[in-house]
Amino acid sequence: MRREFRGYESITFPRMGPYSIIFRAILEKLGVRVVVPPAVSSETIRLGVRHSPECACFPLKMNVGNYIEAARLGAQAVVMVGGIGPCRLGYYAEVQREILADLGIDLELVVIEPPSRGWLQLLESLRRLSRRGSLTDVARAVAFGLRKLRRLDALHAMAHHVRPREVRQGTTSVALAEGERLLDQAATLAAVDEAGRAGQNLLAAVPIREGVQPVKVGLIGEVFMVFEPAVNSHTAETLGHLGAEVEQSVMLSDWVANHLAPGPWKRRGDRSEAHYRKLALPYLGFSVGGEGQPNVGHTIDMARRGVDGVVHLAPFTCMPEIVARTVLNTVSQDYGIPVLTFFLDEHSGETGMQTRLEAFVDLLERRRSAAASGAMRVPGAEVRRRHESREVATHGE
Amino acid sequence: MAANPVVGVPRALLYYEYGPVWEGFLTALGAEVRVSRPTGRATIDRGVGSALDEACLPVKVAYGHCLELVAAGAEYLFVPRVFSVEPRAYSCPKLLGLPDMVRLAVPDRVTLLAPLIDLSRGNTSRAFRHVAAETGSALGAGYRRTVRASGVLARGITAAVRQGPGMLGAAGTELLPRALRPWPSSGSAPGTRIGVLGHSYNLYDRGLNLDLLGKLAALGVSTITPEGYPQTRIEAAARFALGKPLFWTLGRRLMGAAYLMTADPDLDGVIAVASFGCGPDSMVVDLAMRLVGRRRPDLPFMELTLDEHTGEAGFLTMLEAFVDLVVRRRAG
């Protein structure tokens with residue numbers, strides 16, 4: 001049902017960890033009334049699960065829960081991203097539309113498709129959301145949002161570094177939350193920069209223990225599951241509290257730079273997604289959609305740089321991550337880097353995850369001391385050779 | 001090359017779409033083709049033991065077939081990477097990654113033949129020549145054989161995609177094995193017709209689906225599957241039934257068939273078969289169910305989920321109950 005288009009009264013969006021701040025920032029700059037969906041709670045999960053297909057991926061179910069709750073608060077439309085497959089994300093809107101229609105919920109799904117015809121098309125689809133504004137206004141709103149995003153991700157990266165070193169557990173998270181609050185309130189570019197700096201100062205002021213050498217844990221996975229702490233039992237925070245320094249493979253700013261940035265701004269070089277896909281080739285010779293292939297590349301890159309272990313998060317039934325996990329078995333063996341994978345859904349318990357993360361960090365710490373003292377032979381030269389021969393075989397094929 | 005190389009072809013997944021084409025192709029390259037035996041309990045167990053727990057049953061079955069071929073001495077395994085057979089539509093990610101996953105599950109001494117089949121930019125002879133060249137060179141086939149094989153592949157895949165595997169016989173390529181044809185009815189409930197939706201590798205693999213179609217036939221029901229409809233009608237129906245074009249080729253066929261089934265006045269019920277954990281089906285079967293519910297609320301619809309734990313007795317009970325319901329509705 002297409003209504004005569006005059007912009008929307010109120011718009012909501014899917015909840016995705018700290019990034020509500022960014023979505024709200026852009027939409028408000030576009031002059032739209034924003035309904036921020038409530039934080040993901042057990043009620044959100046219950047609603048989403050109840051009304052979604054059983055084996056649909058968890059992000060879809062979460063979205064449905066968010067949309068129902070936001071509709072109750074008066075939202076008229078949802079802005080979300082689409083896709084061209086083969087990962088299911090590209091068809092979320094179609095399925096969610098049916099679910100909402102059958103529930104009698106009048107919420108229009110506005111899908112931003114990947115800009116196959118250039119980034120002007122992307123700006124145009126954003127412009128349609130607002131009741132006023134030229135493309136220039138939209139570009140400014142997006143630039144504002146991106147500046148906030150970079151500042152926000154910088155705070156999170158810093159928090160990952162500080163948290164394992166904090167003297168009192170929880171002080172980093174408190175500082176981070178305050179930094180996020182300041183960023184959320186910043187309404188101009190200058191204010192964003194100031195809030196970003198203030199946030200960094202807060203984190204820098206957290207009392208830390210000197211000379212601490214935390215184990216390094218890489219965090220990879222399907223992006224939604226990595227970004228939203230409510231569905232991953234606060235993995236990053238938990239790892240930090242267990243004394244591990246988290247290295248997050250992808251934050252939203254990275255994802256945007258890789259997927260949405262127009263030509264000259266698209267990320268290149270050795271932090272680009274293309275680079276990680278290339279690293280994965282000896283094990284996974286083709287894209288499998290989603291972040292499957294890049295995650296394999298990230299693991300290899302982390303292993304090469306001496307990261308001690310990797311935690312891999314994915315929704316239950318996520319196809320690209322099932323393929324990634326399958327080949328990561330061999331990557332883990334070949335590079336001697338432990339990889340702990342969680343396939344998560346509504347049945348995953350927080351306690352179970354906490355226990356496994358504790359055991360994992362424990363394992364990594366003991367491996368590191370054993371390797372240092374020479375008591376344990378960490379796979380080295382002989383394993384690399386096997387990997388290298390596989391690499392040659394692939395290029396030769 | 002000296003003796004004909006022995007190439008194992010797993011009787012799983014896309015074998016049920018293009019199997020006869022693979023066999024013709026490899027034979028034209030001078031290989032001795034060995035197709036694995038039909039799925040048995042041992043095949044499933046082997047596959048379950050090797051594949052990731054989260055993988056869907058058809059992928060586990062494919063592993064089982066590959067491992068059986070290796071155990072029987074195949075030097076080569078043909079596991080093509082079927083990325084796309086039409087513009088803007090693809091296979092599911094697990095099929096895209098299948099060669100890599102199988103590669104790590106079989107011993108290094110086995111050579112995996114995994115040419116990329118990519119027709120997303122059009123069904124061009126160059127695309128097929130590339131596949132033939134890659135596979136031919138791995139098998140040591142000469143130029144003439146490779147060119148001939150390229151033609152076999154092109155004609156076969158084109159026919160299969162355009163007309164659906166059910167029509168492969170009509171296209172002049174190898175006839176489909178008897179097991180792939182729609183089942184006739186017998187016995188106590190003549191005239192009861194049930195539409196069965198599902199991917200070919202779920203519907204026609206009797207070991208994987210506990211002989212679903214055979215059981216329905218034994219209950220006196222005649223069935224029609226997506227392969228029983230002309231592919232052109234299915235394509236048109238899929239375009240009509242879906243808002244946004246669906247980017248999974250097999251999912252499109254399922255939706256198109258679902259639509260055609262709702263338009264079929266002689267159908268008494270619909271069963272949708274999906275494997276537990278199947279990504280595309282988690283959404284497509286849901287959409288199909290809502291479609292059938294909207295267009296034909298009078299048509300009984302049942303969703304059947306397959307996994308390696310499906311018990312024969314419970315499965316048969318569900319089928320019996322559904323057929324009972326359908327027969328009673330027909331009578332009353």
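Predicted model: local features only at pLDDT ≥ 70, side-chain atom pairs only at ≥ 80, totals over all residues.
**Cavities**

The whole structure contains seven cavities of 30 Å³ or more. The largest cavity holds about 230 Å³ of space. Its lining counts 25 residues, and S91(B), C92(B), L95(B), Y201(B) and L250(B) are the closest to its centre. Five elements of chain B each give at least two residues to this lining: α1 (15-28), α3 (57-71), β4 (81-84), α4 (93-103) and α10 (249-262). Most of the lining is nonpolar, with 17 residues of that class, but six polar and two charged residues also take part.

The second largest cavity holds about 170 Å³. Here 14 residues form the lining, and A12(B), L14(B), V79(B), P80(B) and L98(B) are the closest to the centre. In this lining, α1 and α4 of chain B are the elements that contribute two or more residues. Both of these helices also supply at least two residues to the lining of the largest cavity. The lining of the second largest cavity has 14 nonpolar residues, with no polar and no charged ones.

**The interface of chain A and chain B**

In this interface, 40 residues of chain A contact 34 residues of chain B. The two chains bury about 3,300 Å² between them. Carbon and sulfur atoms account for 72% of that area. Polar links are present too: 12 residue pairs are in polar contact, counting pairs with both residues at pLDDT 80 or more.

On the side of chain A that touches chain B, α4 (92-102) and α14 (319-335) of chain A are the elements that give two or more residues. The largest share comes from α14(A), with nine residues. By class, this side of chain A has 22 nonpolar, 10 polar and eight charged residues.

**Salt bridges**

Side chains of opposite charge can pair when their charged atoms come close. Over all chains, the structure holds 35 salt bridges. Three salt bridges cross the interface of chain A and chain B. Which side chain of chain B meets E113(A) in a salt bridge? The partner is K244(B), at 2.8 Å from N to O. Both residues sit in loops: E113(A) lies between β4 (108-112) and α5 (119-127) of chain A, and K244(B) lies between α9 (231-241) and α10 of chain B, so the pair joins two chains.

**Backbone features of chain A**

Two places in chain A deserve a look. The peptide bond from G85(A) to P86(A) is cis, with omega near -5°. P86(A) belongs to the loop between β3 (77-81) and α4 of chain A. That helix, α4 of chain A, also gives two or more residues to the side that touches chain B.

The other place is H234(A). This residue is not a glycine, yet H234(A) has a positive phi of about 50°. H234(A) is found in the loop between α9 (223-227) and α10 (235-241) of chain A.

Note on methods:
Residues numbered from 1 in each chain as written. Chains lettered and ligands numbered in written order. Heavy atoms only, no water. 1 Å grid on protein atoms, 1.4 Å probe; cavity = no way out; pocket = protein on both sides within 12 Å on 5 of 7 lines; lining within 4 Å. Points joined across faces, edges and corners; volume = space filled by probe spheres on them. Helix = DSSP H or I, 4+ residues; strand = E, 2+ residues; numbered from the N terminus. Nonpolar A, V, L, I, M, F, W, Y, C, P; charged D, E, K, R; others polar. Contact = heavy atoms within 4.5 Å. Buried area = accessible area lost by both parts, 1.4 Å probe. Salt bridge = Lys/Arg side-chain N within 4 Å of Asp/Glu carboxyl O. Polar contact = N/O pair within 3.5 Å; in protein donor to acceptor, adjacent residues only side chain to side chain.
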